[in-house]
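Open the structure in your viewer and show side chains. Keep the selection tool at hand.

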Amino acid sequence: MGSCAGAVIARDPSERAWIAWLGVLDAYRGRGIGTQLLRTVFRLLRDRGHNSVGVDVDTHNSASALSVYRAAGMSERGTADQWRKIYAHQPF
């Protein structure tokens with residue numbers, strides 16, 4: 001039995017299908033595993049009646065997430081910046 005190289009978690013509420021998480025171990029990246037995981041989830045979600053799937057992604061992430069989502073057929077609909085305030089010596 002082999003080990004897990006990657007995984008994807010998708011949410012399937014009736015109003016909106018969503019990729020909640022996608023990950024591929026470093027040693028297995030660049031082999032199309034993430035793209036194949038996404039395409040499998042897209043097919044399952046389409047079979048459940050969804051005609052689109054969304055995802056939020058850090059556009060500066062070091063894992064080349066944008067290229068994985070594009071390779072799976074997704075396209076950018078918009079971007080948003082996140083802001084935060086860090087308080088010195090205060091736990092979150």
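Predicted model: local features only at pLDDT ≥ 70, side-chain atom pairs only at ≥ 80, totals over all residues.

Residues are numbered from 1 along each chain as its sequence is written, and side-chain values use heavy atoms, with hydrogens and water left out.

Stop 1: Select residues 6–11, strand β1, and residues 17–24, strand β2. Helices (H or I, at least four residues) and strands (E, at least two) are DSSP runs, numbered from the N terminus. The two strands run antiparallel, joined by 6 bridges; strands pair if DSSP finds at least two bridges between them. They form a hairpin, with 5 residues between them. Now pick Arg 11: Trp 18 in β2 stands opposite.

**Stop 2: the core.** Select Ala 17, Ile 19, Leu 38, Val 41, Phe 42, Leu 45, Val 55, Ala 65, Tyr 69, Ala 72 and Met 74. These 11 residues make up the largest nonpolar core. β2, α1 (33–47) and α2 (65–71) each give two or more residues to this core. The largest share, 4 residues, comes from α1. A nonpolar core is a set of buried Ala, Val, Leu, Ile, Met, Phe, Trp, Tyr and Cys residues joined through side-chain atoms within 4.5 Å. Buried means under 20% relative accessible area (1.4 Å probe, protein chains only).

**Stop 3: His 50.** Move to the loop between α1 and β3 (53–55), where His 50 lies. Is His 50 buried or exposed? His 50 is buried, at 13% relative accessible area.

How values were computed. Buried < 20%, exposed > 50% of the residue type's maximum accessible area, 1.4 Å probe, protein only.
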